[in-house]
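Please consult the sequence and coordinates alongside the text.

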Amino acid sequence: MGLFDNIFRPSPNKSSAALAKERLQIIVAHERGNRRGSPDYLPALKKELLEVVRKYVPVDQSQIKVHLDREGGYEVLELNITLPDEEPQSRRGLEISRGNGQG
Amino acid sequence: MATVIVVTSGKGGVGKTTTSASFATGLAQRGYRTVVIDFDVGLRNLDLIMGCERRVVYDFINIINGEANLNQALIRDKRVENLHILPASQTRDKEALTKEGVERVLNELRQNFEYIVCDSPAGIERGALMALYFADEALVVTNPEVSSVRDSDRILGILASRSRRAEQGEAPVKEHLVLARYAPERADRGDMLSVEDVLEILGIPLLGVIPESPTVLQSSNAGVPVVLEDGSDAGAAYGDLVDRFLGKNLPHRFITTQKKGFLKRLFGGG
């Protein structure tokens with residue numbers, strides 16, 4: 001059976017299992033990257049940033065968003081602090097980019 | 001010194017409860033005092049798989065809340081000595097599963113048992129987190145299928161970051177892969193991820209491969225852990241898995257296509 005299959009059936013480009021493996025390797029590597037990048041220092045960073053901001057303006061925990069992204073060879077750390085309403089422009093964004101030297 | 005083992009997977013329906021029942025039964029068969037706990041509050045099923053559903057009086061939440069003591073709630077298995085079952089509550093919500101409560105019950109069980117097997121619910125909610133939190137070792141049950149493998153990887157991440165061992169900076173939870181519902185002939189054909197594929201992606205040691213087998217459904221129909229059906233492939237595979245867990249060095253069976261004889265090839269189906 002196997003022999004006939006190999007001779008007469010034009011072999012498909014790739015078996016579905018090989019496709020599954022390839023897709024899994026990509027998604028799993030991506031999700032592991034996210035796991036490593038965020039939980040370690042981001043919560044502490046967020047807390048300290050909040051304390052600094054609070055010295056000057058009363059903001060609460062939910063008003064600060066910290067997000068880390070990887071794009072190509074560099075990481076983007078995005079801080080988004082929503083300041084209280086008395087300011088004419090209530091939303092200010094601050095973006096810090098830094099290279100991490102790897103591809 | 002008791003060992004706490006969580007049977008977990010992330011995804012539902014991959015064989016956690018089947019594995020918990022057979023693993024615990026196999027340990028007890030080999031003479032170890034073993035208790036298996038159902039952490040699936042609200043959806044208890046371990047009792048049914050173990051065939052003791054009509055003997056449930058008190059449950060895990062009753063113990064946590066002090067409404068009964070352990071001796072009242074533990075169900076003694078009628079087939080295998082040294083084996084006890086602690087059923088989940090069918091009526092309460094999972095908020096009742098507190099970290100302090102679970103710890104108290106586990107500490108009490110540690111006095112009397114050598115192995116404490118925690119059957120985790122699917123998902124990554126409280127029940128699943130509580131089931132893995134106190135674990136020393138983990139059996140990660142995976143099917144050779146994309147969503148199951150991905151969810152197992154997610155659970156490995158949680159074991160490495162949110163278990164008590166991780167939080168306290170102790171030695172990490174020891175991880176074991178259990179690959180269930182494996183069909184070697186489909187893997188050979190390239191229609192199913194192979195053992196090697198899954199191992200390469202997850203990167204944890206393989207404890208056992210359980211072949212896809214009609215005996216698993218038959219034994220759950222009857223409420224008999226499949227490890228007791230030692231004439232079947234799946235039962236024998238679970239037996240090997242338990243022996244390997246206890247340190248025996250056994251080769252993996254049921255991972256290659258069985259060679260068929262000429263007559264079987266001619267007359268017996270594919």
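How do the residues of the lining of the second largest pocket divide into nonpolar, polar and charged? They comprise 15 nonpolar, 10 polar and 8 charged residues, where Ala, Val, Leu, Ile, Met, Phe, Trp, Tyr, Cys and Pro count as nonpolar, Asp, Glu, Lys and Arg as charged, and the others, Gly among them, as polar.

**Basis of the model**

The model is predicted: local features need pLDDT of at least 70, side-chain atom pairs count only at pLDDT 80 or more, and totals for chains, interfaces and linings use all residues. Residues are numbered from 1 along each chain as its sequence is written, chains are lettered from A and ligands numbered from 1 in the order in which they are written, and side-chain values use heavy atoms, with hydrogens and water left out.

**The second largest pocket**

At least two lining residues come from each of α1 (16-29), α2 (46-49), α6 (126-133), β7 (174-182), β8 (206-211) and α11 (214-222) of chain B; helices (H or I, at least four residues) and strands (E, at least two) are DSSP runs, numbered from the N terminus.

**The interface of chains A and B**

Contact (heavy atoms within 4.5 Å) involves 14 residues of chain B and 12 residues of chain A. The two chains bury about 1300 Å² between them, 57% of it on carbon and sulfur atoms; buried area is the accessible area (1.4 Å probe) lost on being put together, summed over both parts. In chain B, B:Arg150, B:Asp153 and B:Ile201 lose the most area to chain A, together 41% of what that side buries.

**Salt bridges**

A salt bridge is a side-chain nitrogen of Lys or Arg within 4 Å of a carboxyl oxygen of Asp or Glu.

Within chain B, B:Arg30 forms a salt bridge with B:Asp243, with 2.7 Å between the closest N and O atoms. This pair links distant parts of the chain, 213 residues apart: B:Arg30 lies in the loop between α1 and β2 (34-38), and B:Asp243 in helix α12 (residues 233-245).
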